[in-house]
Amino acid sequence: MGAWRTIRVMTDFASLGLDPALLSALTALGYEEPTAIQVEAIPPLLAGSDVLGQAATGTGKTAAFALPMLNRIGKRVEGQRGIRGLILVPTRELAMQVAEAVHKYGRVLDVHVLPIFGGQSLSVQFRALRRGVDVVVATPGRALDHLRRESLDLRNVEFLVLDEADEMLDMGFAEDLEAIVAALPKVRQTALFSATIAPRVRTLAKRYLTKPVSVTIANETAAPGKKPRVREVAYVVQRAHKAAALARIIDMEAPTSAIIFCRTRTEVDELTQTLGGRGYQAEAIHGGLSQEQRDRVLKRFREGTSELLVATDVAARGLDIDHLSHVFNFDVPSSPDAYVHRIGRTGRAGREGVAITLAEARERRLLHNIEMHTKRKIPVQNVPTVHDLRARRLERTQEMLTEVLEAQEFGAFRPLVESLAVSHDIFDIAAAAISMLDRSRDDDDVVDISSVPQSQSSFGGGSGPGPGKPRGNFAPLADATKIWLGIGRMDSVRPADIVGAIANEARISSRDIGAIDIADRFSLVEVPQSLAEGIITAMRGASIRGKKVTIRHDRGPKKRTERES
Ligand code: AMP
């Protein structure tokens with residue numbers, strides 16, 4: 001066994017000791033290797049130890065505690081009742097997010113998970129709790145509420161997680177935590193995760209953890225080596241607008257060859273498709289490709305047929321590619337080390353490179369950790385506005401025109417201009433011609449990604465807003481009507497696919513597209529009455545996600561056929 005294999009085995013999910021069912025779930029999700037905090041925290045948790053973990057959002061901490069918890073709970077046994085895992089989190093957003101993650105990882109084991117938080121109807125929660133769940137993800141206030149009403153039985157809990165403990169303390173949950181933990185069995189496993197291990201957090205850990213193993217990834221020291229000649233920039237963008245923001249940034253930066261890093265295989269595939277749909281020459285490369293496919297992708301990239309390579313860390317590791325003009329991080333890398341590795345691919349051989357990172361507001365702490373590690377500030381910039389792009393486009397048009405003028409290659413068109421000049425101003429003719437050139441480039445379709453509020457452009461603590469909802473930002477349409485599209489959830493269609501297709505085919509702005517309802521076999525899209533006919537005509541024969549779709553006016557629920565509904 002060579003050195004290479006030893007290293008691989010050490011960082012494999014399989015080598016961490018997880019149940020094969022969970023491993024297959026991770027593969028299906030497109031996870032290729034554990035993040036640093038997972039490598040550190042999973043083995044001691046699997047061995048039954050308590051863990052005190054220092055990790056911020058974006059490091060992969062949720063899987064670091066959820067996987068060992070699921071591993072311990074194991075496959076659901078019918079008839080078995082009782083909550084065996086309890087995860088306490090500070091906010092409702094986090095409760096939903098963590099519950100979704102546990103559900104995703106635990107589906108193979110048929111583990112039932114329930115988020116409970118304030119603001120949601122109690123009776124709905126009563127019913128769900130009565131049906132029986134294995135894991136509860138709760139905010140402390142609501143968990144205590146249920147305990148007092150005796151609708152939450154915590155006597156069978158084997159595994160407790162206190163997630164974002166510093167935030168819970170900041171929000172004044174210390175007493176609630178005390179009361180909840182008092183209702184748990186004394187013999188249990190406990191994990192406490194926190195972005196900072198302040199003295200208060202340490203006190204909490206002393207109270208609730210037994211001989212904990214401490215794990216952290218925040219204090220890595222910088223690897224020795226030459227400082228790269230890289231311009232580093234970050235943009236803070238809502239999740240839902242990331243692809244659009246990336247497209248704008250690519251347009252502004254005009255990279256000659258670039259790698260775009262994503263976390264998972266699934267993300268790589270999705271982003272490659274989205275970029276392709278927007279007209280970029282992007283190719284996916286990840287661990288799911290055969291050697292032959294990989295070679296082909298790389299050949300096209302080296303020859304310049306494709307200019308963007310969308311990759312996971314694992315896939316990029318073995319790549320022998322020099323002269324990248326840009327490295328894009330579609331997500332903040334899960335550790336400072338991963339960041340340094342990624343951006344080390346640009347700025348080689350004496351050329352200047354550019355490293356661009358997209359971050360969600362809640363990942364700013366992670367960016368800050370990277371800055372501490374590299375001892376370099378990563379300035380946060382505003383996503384280029386439509387106005388910036390237009391200015392850039394005009395600049396390019398001017399360059400192109402200057403070239404044509406200098407080459408004197410337009411003689412054949414002079415007679416046309418002369419005949420137009422009989423009845424039009426010569427400047428108007430020139431401007432009209434240029435406007436035709438420009439019209440072929442569509443305006444961007446995202447309304448509000450262009451500015452980063454001041455509060456987001458400086459680093460600091462605090463958890464930002466929750467995950468963005470797709471299509472959450474359209475204005476309600478006045479004279480709206482619905483059109484029916486024969487593509488739905490079963491075709492894995494997403495709102496963005498539909499908006500993209502309609503905006504492209506019908507050459508309208510996505511702002512004119514209203515609410516989108518995706519059912520299993522069809523979707524309903526709200527559009528202005530005045531545009532509906534044009535959209536239906538333009539979309540005839542068009543395909544979405546590779547499927548030719550039928551499109552027509554919606555006939556209302558009664559007239560939809562059984563098969564459609
Ligand atoms: P978290 O820090 O738990 O909020 O996780 C941040 C993001 O990383 C989530 O979107 C996870 O789905 C993703 N993630 C967690 N672990 C991995 C991994 N080993 N490989 C790829 N993505 C991961």
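This is a predicted model: local features need pLDDT of at least 70, side-chain atom pairs count only at pLDDT 80 or more; totals for chains, interfaces and linings use all residues.
**Leu358**

Is Leu358 buried or exposed? Leu358 has a relative accessible area of 1%, so I put it down as buried; the cut-off is under 20%.

Next I listed what Leu358 touches, leaving aside neighbours within four places in sequence. The contacts include Tyr235, Val237, Lys242, Leu246 and Ile249. Asn329, Phe330, Asp331, Val332 and Glu363 are also on that list. I then checked the spacing to Ala234. Leu358 and Ala234 are 124 residues apart in sequence, yet their C-alpha atoms are 5.8 Å apart.

**Whole chain**

I stepped back to the protein chain. I noted 21 helices and 20 strands. The chain has 565 residues, and 47% of them are buried. Its accessible surface is about 28100 Å², with 52% belonging to carbon and sulfur atoms.

**Ligand site**

Which residues are closest to the ligand? I found Tyr31, Glu33, Gly58, Gly60 and Thr62, out of 15 that surround it. I sorted this shell by class: three residues are nonpolar, eight polar and four charged.

I then went through backbone atoms facing ligand oxygen atoms. For Gly58, a backbone N or O atom lies 2.6 Å from a ligand oxygen. For Gly60, a polar backbone atom is 2.7 Å from an oxygen atom of the ligand. For Lys61, the distance from a backbone N or O atom to a ligand oxygen is 3.3 Å. The ligand on its own has 500 Å² of accessible area, and the protein covers 84% of that.

Thr62 sits in helix α4, residues 61–73. Its relative accessibility is 19%, so Thr62 counts as buried, the limit being under 20%. Beyond four places in sequence, Thr62 touches Val98 and Ala101.

**Nonpolar cores**

In soluble globular proteins, nonpolar side chains tend to be buried together. I looked for such groups here. The largest nonpolar core has 42 residues. Leu67, Ile87, Tyr105, Val135, Val137 and Phe193 have the most contacts inside it. Elements giving two or more residues to this core include α2 (20–29), α3 (36–46), α4 and α5 (92–106). Strands β4 (135–138), β5 (159–162) and β6 (189–194) are also among them. Which element gives the largest share of this core? I noted α4, with eight residues.

I checked Leu67 by itself. Apart from residues up to four places away, Leu67 touches Phe13, Leu18, Leu22, Leu26, Ile42 and Tyr105. I also found a second, separate core of 33 residues, with Leu52, Leu114, Leu144 and Ala205 among its members.

**Positive phi**

Most residues other than glycine have a negative phi. I looked up two exceptions.

Glu164 is not a glycine, and its phi is positive, about 50 degrees. I located Glu164 in the loop between β5 and α8 (165–170). At 11% relative accessibility, Glu164 is buried.

Ser492 is also a residue other than glycine, and its phi is a positive value near 60 degrees. I placed Ser492 in the loop between β15 (480–485) and α20 (495–505).

Notes:
Residues are numbered from 1 along each chain as its sequence is written. Side-chain values use heavy atoms; hydrogens and water are left out. Helices (H or I, at least four residues) and strands (E, at least two) are DSSP runs, numbered from the N terminus. Buried means under 20% relative accessible area, exposed over 50%, partly exposed in between (1.4 Å probe, protein chains only). Contact means heavy atoms within 4.5 Å. A residue is near a molecule or strand if one of its heavy atoms lies within 4 Å of it. A polar contact is a pair of N or O atoms within 3.5 Å; within protein, one must be able to donate a hydrogen and the other to accept it, and residues adjacent in sequence count only if both atoms are side-chain atoms. Accessible areas come from the Shrake-Rupley method with a 1.4 Å probe; for residues, only the protein chains shown count as cover. Ala, Val, Leu, Ile, Met, Phe, Trp, Tyr, Cys and Pro count as nonpolar, Asp, Glu, Lys and Arg as charged, and the others, Gly among them, as polar. A nonpolar core is a set of buried Ala, Val, Leu, Ile, Met, Phe, Trp, Tyr and Cys residues joined through side-chain atoms within 4.5 Å.
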